[in-house]
Amino acid sequence: MEHAVHDEVAPNPSTGNVDAGARRARVFGPAAVVALGGGSVLDAAKGVSLLVGNPDAVAADADQLWEAADGLPLIAIPTTSGTGAETNGFGVIEATGACLKVYLGHPSVKPRIALLAPELTLGLPAPATAATGIDALVHGIESLASRGANPVSAAYATQAVTMVSGALPMAYRDGSDLDARAALMLGAHLAGQALTLSGLGLVHGIGHALTAPSGTPHGVALAAVLEEAMVFSAPAARDAYEQAGRAMRLAPPADGDWARATVRAVREISGTLDITRPLRELGADRGMLPAIAAGAVADAVTKNAPLLPSEAEVLEILTRVH
């Protein structure tokens with residue numbers, strides 16, 4: 001079978017990466033796109049597929065491409081368990097030179113086929129297992145708490161939280177445990193199905209705003225603010241956090257405070273994964289925090305948060321974890 005390989009996708013893919021891939025694909029001619037890699041590769045591939053179907057478009061046109069012509073057919077083969085990027089037709093891309101994230105996608109570039117092969121994750125190092133796995137856990141929890149949640153998304157999210165919370169610590173401790181890898185991969189996929197229906201929330205809004213200027217891996221950025229953002233949202237998310245806590249198989253708390261119990265359980269998982277870092281260690285100096293707060297509030301996913309924050313409130317969260 002005639003094929004060509006494009007392997008120049010950065011860990012936080014940029015519009016420049018997508019444009020370069022599209023140029024190569026246009027030269028190659030009519031084709032399908034096979035995306036083999038983590039969420040960055042899958043997201044970039046969606047952009048490449050879409051731009052090839054729209055010869056005059058560039059990735060910076062993301063806001064104008066939701067009603068564009070169809071992109072090339074896409075097959076997704078994830079090699080990490082976390083992003084759920086194989087479940088939907090949009091990618092999160094860094095706007096080259098602008099230090100912000102844009103959403104690039106179209107219904108036509110939702111993967112026609114997603115091949116979930118946990119064997120492909122057996123060589124994933126423990127830190128990457130932790131970073132991608134915590135992303136999946138956040139997808140499940142935020143999907144339950146999202147303003148866009150519905151019974152179908154909640155069904156996906158609840159099962160995802162059960163599978164990811166159980167399998168992630170095991171896969172982190174023993175990366176050769178194929179049963180844990182399989183459960184984690186399927187849980188991450190279900191979390192992707194959930195978020196595609198419900199949307200996400202404040203943790204991801206801050207994560208996107210933090211990753212762009214600092215270059216922090218997505219999952220690590222989420223872990224840095226996860227606990228504080230959950231505490232902020234708790235007054236409006238108590239039922240969702242109870243759902244998450246029950247999905248994690250927690251014992252009913254003696255004081256009846258499921259939100260506190262669920263936050264504590266998430267803290268314990270993050271501690272097991274050794275993933276939580278203060279922002280100052282992630283390349284975000286204090287002077288960057290106001291801009292990160294503004295970017296988080298403006299991010300589209302934050303609009304789904306159960307409790308809508310102000311810039312001042314996000315800045316307070318960032319300051320506490322700095």
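Arg 249 counts as exposed, at 67% relative accessibility. In this predicted model, Arg 249 belongs to the loop between helix H8 (238–247) and helix H9 (258–273). Its phi is near 65 degrees, a positive value in a residue other than glycine. Asp 274 also has a positive phi, about 50 degrees, although Asp 274 is not a glycine. That residue is found in the loop between H9 and helix H10 (289–298).

| Residue | Phi |
|---|---|
| Arg 249 | near 65 degrees |
| Asp 274 | about 50 degrees |

Helix H1 covers residues 15–28. At 1.5 Å a residue, the 14 residues of H1 should span 20 Å, and its end C-alpha atoms are 20 Å apart, which agrees. The buried residues of H1 are Thr 15, Asn 17, Val 18, Asp 19, Gly 21, Ala 22 and Ala 25. An α-helix has 3.6 residues a turn, so residues three or four places apart point the same way. The buried residues of H1 pack against helix H2 (39–52), S3 and S4.

Strands S3 and S4 also hold an aromatic pair. A search of the whole structure finds one such pair. It is formed by Phe 90 and Tyr 103, whose ring centres are 6.5 Å apart and whose planes stand at 65 degrees, so the pair is edge-to-face. Phe 90 lies in strand S3 (residues 90–95) and Tyr 103 in strand S4 (residues 100–105), so the pair ties together parts that are 13 residues apart in sequence.

Helix H3 (residues 126–145) has 20 residues and reaches 28 Å from its first C-alpha to its last, close to the 28 Å expected at 1.5 Å a residue. Of these 20 residues, 17 are buried, so H3 is largely enclosed by the rest of the structure. Two packed helices are described by the angle between their axes and the distance between the axes. For H3 and helix H6 (residues 202–214), the axes come within 9 Å and cross at roughly 140 degrees. H3 and H6 are therefore oblique to each other, since angles over 145 degrees would be needed to count as roughly antiparallel. Where they meet, H3 supplies Asp 135, Val 138, His 139 and Glu 142, and H6 supplies Leu 202, Val 203 and His 204.

Ser 233 is in helix H7 (residues 218–233) and is buried, with a relative accessible area of 5%. Leaving aside residues up to four places away in sequence, Ser 233 touches Tyr 241, Pro 306 and Leu 307. Pro 290 lies in helix H10 and counts as partly exposed, at 43% relative accessibility. Pro 290 and Leu 318 are 28 residues apart in sequence, and their C-alpha atoms are 8.9 Å apart in space.

Key. Residues are numbered from 1 along each chain as its sequence is written. This is a predicted model: local features need pLDDT of at least 70, side-chain atom pairs count only at pLDDT 80 or more; totals for chains, interfaces and linings use all residues. Side-chain values use heavy atoms; hydrogens and water are left out. Helices (H or I, at least four residues) and strands (E, at least two) are DSSP runs, numbered from the N terminus. Buried means under 20% relative accessible area, exposed over 50%, partly exposed in between (1.4 Å probe, protein chains only). The expected span of a helix is 1.5 Å times one less than its number of residues. Rings of Phe, Tyr and Trp (its six-membered ring) pair if their centres lie within 6.5 Å; planes under 30 degrees apart count as stacked, over 60 as edge-to-face and the rest as tilted. Axes are lines fitted to C-alpha atoms, for helices over the stretch in contact, and angles run from 0 to 180 degrees between N-to-C directions. Angles under 35 degrees count as roughly parallel, over 145 as roughly antiparallel, 65 to 115 as roughly perpendicular and the rest as oblique. Contact means heavy atoms within 4.5 Å.
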